[in-house]
Every structure is written in structure tokens, then in C-alpha cells.
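Thanks for coming. I'll take a few minutes on one structure, so please have it open before I start.

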Amino acid sequence: MARKLLEKIDSPKDLQQLSIEDLEALAQEMREVIIDVVSRNPGHLASNLGVVELTIALHYAFDFLKDRLVWDVGHQTYGHKLLTGRRKKFPTLRQYKGLSGFPDKNESKYDPFTSGHSGHAISSALGLACADKINGVDRKIVAVAGDAAIGAGMSFEALNHAGDLKKNLIVILNDNEMAISSTVGAFAKYLNKIRTAPLFTDFKKEAHHLIQSLPIVGKRMDQTLEHIVEALKREITPGQIFVDLGFDYFGPIDGHDISALIDTLHNIKHLNGPILLHVITEKGKGFEPAAQNPARYHSAGKFQMHNGKMIEPQKDPKKISYTNVFSKTLIELAKSNKNIVAITAAMPEGTGVDAFGKEFPDRYFDVGMCEQHAVGLANGLAATGLKPVTAIYSTFLQRAYDQVFHDACLQGHGVLFALDRSGVVGNDGPTHNGLFDIAYLRHLPNMILMSPKDGTELKAMLSKAVQLKSPAAIRYPRANIPEDNLDNSYDPIEIGKGEIVKEGQDGAIIAYGAMVYPSMQCADMLAEKDIDITVVNARFAKPLDGNLIIDIVKKHQIVFTVEDHSLVGGFGSAVLELLIDKGIDTQAVHRLGVPDKFIEHGSRDVILKLLNLDAEGMCKTFISIWNKLEPAVIKNKEEYKETSNLI
Ligand SMILES: Cc1ncc(C[n+]2csc(CCOP(=O)(O)OP(=O)(O)O)c2C)c(N)n1
């Protein structure tokens, strides 16, 4: 399809050649490209469609090579990427070595920060504004935050600070009434009230009309319209809360009216001090299926472009996700255990607790994008003997580290953390990988850490964990469970006890969680080469099954620890600490996991393969170490050599 306007936009400067009508047509073309690419390369759709006009207007009114534009979360920057020299690479969105789905400072000069976690934009933008003052730099700093992002604690902290400092800062509140699903909270209700107030631009027109119709004085008064509007605005401003915080509030304005947006941005960019521009947008705008069901199309799978129908990946109907197992098991357990309550931080569907919310609305809390508060709330609930299951992605719980320390562990309260998306998450990339949770939780006294090898074990762990009186976390990946059938009967889990899955004498793999099945496959591959290894399912990173691990290390010449987690401070580190503390020789131990660097985007399978954390990769690593061992200690090394180039 010819996109005659977009094809001419190599940088935002090119927008200046276009009329308002052309800019409107450009918005249409951008939508088509976004829908087309996302229908094939699943990504964030609805939020991006909602900010197309705002994106154009921002790049028209500012020069973000000099000025700075900071998007909150950053999942809504596809239009921004199309206008800032990344149009040709756009079809590679979220693919390995392709464009990131989020702002990426290594990707473009137009992205001042790499981001993906909500609440950061106003703080970071304020930091830039403060630095500009110190460095004597004269430029405009703009932060764009959604109505859910602005409800995050960090955003409030930044507004509080910015309103006091009075530095030049423009905050654009992109209000579409939606987080992933509906935005929750009293602040969202407050914004709702503003939304129903007359649009700022309509109000100006109305006042103009009224004054013109006054006899004689009309003309003269019209000249002072701006002043009157200013004065009236202060009196009847809908966003009074922002004014009271020290901001100049403008809005609400229609976020799909390019002309009004450009006019307003041109007007406010010359004002001093902190400014908040309230823009009303529609999530999913311009693509009916997404506009009708913005939550479903927030992060869409593949779909048909002409009707939005989701194209389900060809999947074995028996295959279900860990999230699904967690979601169903939690409901089953909560039916008989009335103490169970569930908490999500604006991720009800992603974590699967939405189903719990429908079943037990009085025992369910969606706190908004406020992970810190989620953990504090859990503490209060747990203090009374209730059992809060706090379902937060591994990467987002990082935001609440101190609350985990202070409000869960220090109190010794039985808060259970369900850490979905632990490990490599895939196409969302470095901002969303869950690679640090063992490290940031393991050192906290009272904490119990476990990870199931499959769906059946997740059920077993969850049913054990909801009985615990101390804080605990279960980590599981964004993946389908590996077994074909979910077993309804399972052996009870004993805290701190692992299991030997397979016994051999040539080496051992001690695997944690999702790495157990690939380790078993690796053992099968090695068996074909006549190398017979033991595989241990560690189950716990804290407390470790010390006796089992020491026994395995003593008996084997090569021992791998395997985890889809950072090697720094992870499961393997815990094993080494144990061995050193017990005076056990650690020479045989090799740690497999994620190196000390940020891991780029690409599908989970591709990334695990690159990290040598798939069965083949483990096998290769095992053999390279095996090859270095003295022939005397390897009884079948000669036989092995004949087949070694098979790998
Ligand atoms: C700290 C954190 N928690 C949760 C998320 C997951 N998340 C991504 S976008 C989103 C909703 C964003 O809503 P809003 O800020 O209103 O922006 P919109 O998508 O409506 O443009 C959520 C919950 C996140 N990115 N960061």
C-alpha cells in the first residue's frame, strides 16, 4: 500500500512541510503501518493507536534533537519510531536484532532513556530540567505519562518535587481511561470528572463568541480574551489538583485534533515553570476491534488486519501456560481456604488473577501500577492472618524491593509472591526480563524461594506455599508448562527438599525451575553418546537442599548448576556459598545461567539458545568441559571421541 506522506518523513523536520490536512492523512498512514506490522509481529497495539496525533503534534511543535521527549513506560512509542528515522526498520519490531518495542537510547538520539517500567518519566524529565539549569542549557523538556502511569507512586513523588522546584517542565497527561484494562483508583475517578468538563479549546471558542456578541465593548474585550481566559481558567480550572501542586494546568484537550494540539503546544512551550497539559485520547483509536476492546488489543497476538480476528498460534490444546495453572489453582485453593486474598498491580490478565477477582471480588485487590503499595497492602492483610498472594512479574517486583524487605520479611509475615515472567521473557527485552529475583530476594531473612519444574509441581508448590507463615516466592516463566498432561494428584512438597530426577555417574546437573526439563533433554542427548549423568530438580533456592547438593557434588566429576537467572547472586551462587561454608571442594562445579549484562529482545527460545541454556547448549558446554578432563578420570572418553563431532 502506497504511503506517500509517511515515505517522505525521514526525520521529524519533514513534518514542517505538511499542512494540517496532510498531517491528518499522515496519522491515518501511520495507523495503517502500525496495525499491519503488529498484526504480524505481536506487540503493543491499542496504546500506540491512541497517541498517533499527539506524537505528530509533539514532533511538529518541538525539535527533539535539541529538546527532550520522555515517554512513560514507552510501549506507546511506535509512532515516535516511525517519525524519527526508524520507519524502514519498523517491520523488524521486537524481533531479535530488530527494533525494540520500547524507547532505547542505543537505538536513536530521539530516545533519551531506555525504558519500560512505569512511573519513571516525570522524574527523569525533571532531572533533565534541573541539569539544564545547572549547565545553562536552554531547551524544552517534555514527559508523556498515561493516566495509569501518573497514578504510580514515583509519578506522584515527581509531581510533588516539580511543583515545588518550579523548573521549566511540560508534563503531558495522556488520558485514555485505561491502563491495560480500566485504570483503577480514586485519582482515575478524579480524572474521569475532568474528562466530562468542556474541552479547553471549546471553552476558549465559547468565550470568544460570547464576548463578540456583546455590543460595543465586544471588540476591545476580545483583544484581552487571552487574559480573561487565563483568569477564568485559574478560577474554574478542572485540574485543580495539579494547580494546587504548583503546576499550570491546561486542558482537557482533544488528543486527536492535530490542529488544537499543535496550537496548544506552541502556546505552552514558551511558558515558564511546570506545566501539565491534559490530553484526552482513545485507546485503540482508528481500528474498531481495538477501540471496542482496548484491553484485548493492549498487547495483541497475531491478528487479521481486515477484521482484527486473533490468529491463535497452532497449539496443542493440551498445552497451557504456567500463568493459567497458577490462575486455576489459586481459585481451587481459595475455595477451601477463606484466608487467601489476591493482589495485582495493574496486571490482572497478565498474572491470571483476573479470574480470582471474578470469583471472589471481596478478596481481590487491583492497586494500579503501584508495586510498592501492593506489598505494603499485603503486609497489612497478612498481619491479621490473611494469606495475600501478591502476583507481580519478576521485573516489576524490583520496584518494591524495600517493601519486600521492610513490610514482608522484617515482619515475618506470610506474604506469598507469585513471580510470573521470571527468567527470559522474550520480545519485550531487557526492561522486562525477570533475571534478578533470586538475587534480590535470596539474602532477605525469613524468605523462602521455590520454582517448579512443571505445571504439576506449580500446583503442588502453590498449595504448600499458601500454608506458610513466612514470606515466600514462587518463580515461573512466561511459557507453556512442559508436560503434556497436568496431573491432578501430586506428592506434597516439603520445604527445602529437592529431588533426583535421573541418576548417572558421569556428571550431574542441578537445575532450578524451568531449567529442569531442558536438563533432562540434555541428559538424553548425552546418553546417546554414552555419557550418563544425574539430573536434580533443586526446587528451592532458599533454603537449599544442602544434604542432597553436597552428596551430588561429592559424587560427580562435573556438576552444573543451571538457572534462567543472572549468574550474579543467583541459584548457582547460593550453591557455591553452601559448599564453601561446608568446606566442600567446588572444583567440579560450573554455573550455567545469564551473564552479567542486559539481555536483548528476541523470542524466549532464541535468547535461551544464545545463552546456551537450551538442551543443546548445555550439552555442548558439558562436552567441552568433559573433553578437558584427564582421560584417566573418564572411563569412556575414547569411545566418546568417535561421536563427538555429532554435536
Ligand atoms: C512498574 C510497571 N508496572 C507494570 C507495568 C505493566 N504495564 C505496562 S503498560 C501498563 C498500563 C499503562 O497504562 P497508562 O499509563 O495509562 O498508559 P496507556 O497504555 O494507557 O497509554 C502496565 C500496567 C509496567 N510497565 N511497569
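Let me begin with Glu177, which sits in the loop that runs between strand E3 (169–175) and helix H7 (186–195). Keep in mind that this is a predicted model. Glu177 has a phi near 65°, a positive value, and Glu177 is not a glycine. As a rule, most residues other than glycine have a negative phi. Is Glu177 buried, exposed or partly exposed? Its relative accessibility is 41%, so Glu177 counts as partly exposed.

A second residue of this kind is Asn612, again not a glycine, with a positive phi of about 60°. Look for Asn612 in the loop between helix H25 (604–610) and helix H26 (615–628). Asn612 counts as partly exposed because its relative accessibility is 31%.

While we are on the backbone, here are the cis peptide bonds I want to show. As a rule, most peptide bonds are trans. The bond from Gly251 to Pro252 is cis, with omega near -5°, and Pro252 belongs to strand E4 (residues 248–254). Lys542 and Pro543 are also joined by a cis bond, with omega about -5°. Pro543 is in a loop, between strand E15 (540–542) and helix H23 (546–555).

One more proline, Pro492, is in the loop between strand E11 (472–475) and strand E12 (499–502). Pro492 has 74% relative accessibility, and therefore counts as exposed.

Now the ligand. Which residues come nearest to it? Of the 23 residues around the ligand, they are Ser47, His75, Asn176, Met178 and Glu371. The side chain of Ser47 has an N or O atom 2.8 Å from a ligand oxygen. Ser118 places a backbone N or O atom 2.9 Å from a ligand nitrogen, and Ala148 places a backbone N or O atom 2.9 Å from a ligand oxygen. The ligand taken alone exposes 590 Å², and the protein buries 98% of that. By class, the shell has 10 nonpolar, 9 polar and 4 charged residues.

Last, the nonpolar cores. The largest has 56 residues, of which Leu26, Leu45, Ile56, Leu58 and Ile172 touch the most other members. Helix H1 (residues 20–40) supplies the largest share of this core, 9 residues. Leaving aside residues up to four places away in sequence, Leu45 touches several residues, including Ile34, Val38, Phe287 and Phe303.

Technical notes:
Residues numbered from 1 in each chain as written. Predicted model: local features only at pLDDT ≥ 70, side-chain atom pairs only at ≥ 80, totals over all residues. Heavy atoms only, no water. Near = heavy atom within 4 Å. Polar contact = N/O pair within 3.5 Å; in protein donor to acceptor, adjacent residues only side chain to side chain. Areas by Shrake-Rupley, 256 points an atom, 1.4 Å probe, with all protein chains shown as cover. Nonpolar A, V, L, I, M, F, W, Y, C, P; charged D, E, K, R; others polar. Core = buried A, V, L, I, M, F, W, Y, C linked by side-chain atoms within 4.5 Å. Buried < 20%, exposed > 50% of the residue type's maximum accessible area, 1.4 Å probe, protein only. Helix = DSSP H or I, 4+ residues; strand = E, 2+ residues; numbered from the N terminus. Contact = heavy atoms within 4.5 Å.
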